[in-house]
Amino acid sequence: MPNRTDWLVALPVLIPALAAAFGAALHGRPRAQRLLTLFSAALLLAAALLLLAAVADGTVLASQMGDWPAPFGITLVADRLAAAMVLITAIMYAATAVYAFADRGAMAEEALWHPLLAALVFGVASAFLAGDLFNLYVWFEVMLISSFGLLVLGGGREQLDAALTYGLLNLVATTVFLIAVGMLYGLTGTLNLADMALRVPGVPNQGAVAAVAFLLMAAFAAKAAVFPLFFWLPASYHTAIAPVAAIFAALLTKVGVYALIRLFTLVFPASQGWVGPLMWFIAAGTMLVGVLGAAAHWEVRRILSFHIISQIGYMIVGLAIATPLAIAGSVFYILHHIIVKANLFLIAGAMQRIGGSFSLARLGGLWRRDPWLGLLFAVPALSLAGLPPLSGFWAKLLVVQSGFAASYWWLAGIALATGLLTLYSMLKIWLEAFWKEPPEDAPEAAPLSRRERLLLFGPVVSLGLITLAIGLWAEPLAAFALAAGEQLSTRQEYIRAVLGGGGTTP
Amino acid sequence: MKDSLILRASAGYVLVAAVVFSLFVLLRGHNEPGGGFIGGLIGALGFVSYGLARGAAATRRALRLAPIAWAGIGLALAAASGLPALLWHGEAFLTHQWLSGTPLGTTLVFDLGVYLVVLGFGLTFVLPFLEE
Amino acid sequence: MEILLALLFGVLLAAAVYLLLARSVLRIIIGLLLLSNAANIAIIGAGRVLGTAPPLVAPGAEALAASASNPLPQALVLTAIVISFGLTAFFLVLAYAIWRSEATLDGEALRLAEPPLLPSTDPALAAQAEPAAQGRGSALPEREGA
């Protein structure tokens, strides 16, 4: 008799793993690979929905891999946040997979594109479900290795340089993570996150715990591309082909943010006095540097890359304030941001296909050439800036509201100012690419065929509709985010689900 | 190096010996040092030495499938080895099952998967160099 | 023993940082290798080096002997070694591809993704500074001056 919990938690790991495996085994059979990718994306979407439905009422599902009991074996855990992240990963998988069918770069190296994409999703979805620290490290590496492969797809010269910068800095970050894992194991004698949460307060040498927590924060901060450690992101994302840039922008940094939230709510809750102030500093710096960096650039993808950084700042605000309301704000913001940012990168790819360039100086007159594209751009762009009635408005509202509620006035002020500057960047793209007369040296671009148009715009329209739906009907998602924030702050259910009834004393 | 008669003549035997030895290491890994990872490396080395002697094209022919496809098959085997527990026994993913009374079980399937993944990925990285 | 491991960790880390700051890509890769080895040493050291016997349960016994070493750090290090093996292989292939394409491994000369003129407040200047490929990303772009 199959066990429902074990199935639900294992499927989001198993489906992309098998998709990557069969995708590689079908090397040289493009039709089969395409069908496989579509099929597994649909399957993952269904599995993620089932998982979310199972945890929506607040239960935490835990499955012990290989039947090794909890603090010793590998545990997969799904709570509200993890399940929501898995669902959004599945949405991104489907959207980029469909979009890529019309992308020349992805189709030129199709034999590699399909398995690499599945491997990336495999790493990301599993990282969200990881219940122990070393396992999380392994998923980070799975994600990293497949992202290297994806980043160099297309074979451009600048991609080699980008892969070098991206790879080296990320690898240093994961190695720092690994060192911290080893030290935390030395201090607590466990790798299981729930068990660790119980044991950390009892460690005699709290100074060493603080040092390790700082190492972990630095490693995840580099992964999340926050303020002092963001350099690799604007150096690499703009070189990737459009669907790759979109899925990178959607998922990679968010795994870092997720790890920060998980670690600093579960294992090192606000008890560490220095965490809060350091997080304010990081959050404020990230928001400002990102948005100002974007203001200085004139290439669509570079602007969008810098906006990823500034938006990460909003997610860190929640961790800095660390009230359940603030963490709920972070959760809402992550979910909204993934959809919007991926959509903007997909649209940037479409702008290049229709207008012939990514450079604002060479683009122009897109509004006349393709009004639909302008409309599709306006939805995520205005949502990113936080205008009502789009999803970004509610996300920013929750974050700013939690800032005011905990009387972090200046942090809320910076968040609002960043919103205004974001609007400036989005208007810049709008005015230069869509509104302005096309320049004389505007490149020629071949018109899109009907099929290409359908494949490029289908995912864009779907993601835009999700943004609109969240904006117009924000109540369920806000309630869900609040419940997730509450669940993350109380920790009890998570620990009980992983360790069973006996998990009260170390 | 392709011009060495000795190397070329012995390449086939070396390949067979390396693959047999790698399979021995793979099976030995059940209770003693060894296993899929080391076995896969030894197997990959056998194919690389074959490639040094006869060229990359001959190695690809000897492999039958693209190296990345072998890696895919290996990953599929490793993932599938965790399924019987979920499907028939109501146990967690990757809980290994045994043929009653024998050391044969799903762990062997998992290890064989690791073997193929290592072999496949190793050759995926090395063969392009031999093609220069 | 732990003192020795800690010292070795420090030396490896220092050497790794020194190499990572170099301009040559090859030195950076060697630095990464040293860094991952430093991490492995850290795990072994932090996992307490107590036992002298291999962590195998003797036939008939129920648990490990008291003199057995801790198997978990060894398993972690084994995993980490495999991962760093794969990543180093990737980086070597990447460095080789860069060498073939650009005929240099000097980090200062590799400013393809971030041209020195960027960011610029002038859109026309910024457009000129952009890589010639214009992010086409579908085929190998033409090499300038090659």
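**Exercise 1. Describe the contact between chain A and chain B in this predicted model.**

Solution. Begin with the residue counts: chain A contributes 23 residues to the contact and chain B contributes 18 residues. Next, identify the elements on the side of chain A that touches chain B: helix 1 (4-25) and strand 1 (61-64) of chain A each supply at least two residues. Of the elements of chain A, helix 1 gives the most to this side, with 12 residues. Finally, sort the side of chain A that touches chain B by class: 14 residues are nonpolar, 7 are polar and 2 are charged.

**Exercise 2. Determine whether the radius of gyration of chain A agrees or disagrees with that of a compact globule.**

Solution. Take the chain length first: for 506 residues, a compact globule would have a radius of gyration near 23 Å. Chain A has 22 Å, so the value agrees with that of a compact globule. For the overall dimensions, the C-alpha atoms of chain A fill a box of roughly 70 × 55 × 40 Å along the principal axes. The secondary structure within chain A comprises 21 helices and 2 strands. Buried residues account for 68% of the 506 residues in chain A. Turning to contacts in chain A between residues at least 6 apart in sequence, 79% join residues at least 24 apart.

**Exercise 3. Characterise the largest nonpolar core and the surroundings of Ala342(A).**

Solution. The largest nonpolar core has 304 residues, and Val86(A), Leu129(A) and Ala342(A) have the most contacts inside it. Helix 14 (residues 324-355) of chain A provides the largest share of this core, 20 residues. Leaving aside residues up to four places away in sequence, Ala342(A) touches Met92(A), Ala95(A), Ala246(A), Ile247(A), Ala249(A), Ala250(A) and Leu463(A).

Terms used:
Residues are numbered from 1 along each chain as its sequence is written. Chains are lettered from A and ligands numbered from 1 in the order in which they are written. This is a predicted model: local features need pLDDT of at least 70, side-chain atom pairs count only at pLDDT 80 or more; totals for chains, interfaces and linings use all residues. Two residues are in contact if their C-beta atoms, placed from the backbone, lie within 7 Å. Helices (H or I, at least four residues) and strands (E, at least two) are DSSP runs, numbered from the N terminus. Ala, Val, Leu, Ile, Met, Phe, Trp, Tyr, Cys and Pro count as nonpolar, Asp, Glu, Lys and Arg as charged, and the others, Gly among them, as polar. A nonpolar core is a set of buried Ala, Val, Leu, Ile, Met, Phe, Trp, Tyr and Cys residues joined through C-beta atoms within 7 Å. A residue is buried if 20 or more other C-beta atoms lie within 10 Å of its own, exposed if 12 or fewer, and partly exposed in between; C-beta atoms are placed from the backbone. The radius of gyration is taken over C-alpha atoms; the globule rule is 2.2 Å times the number of residues to the power 0.38.
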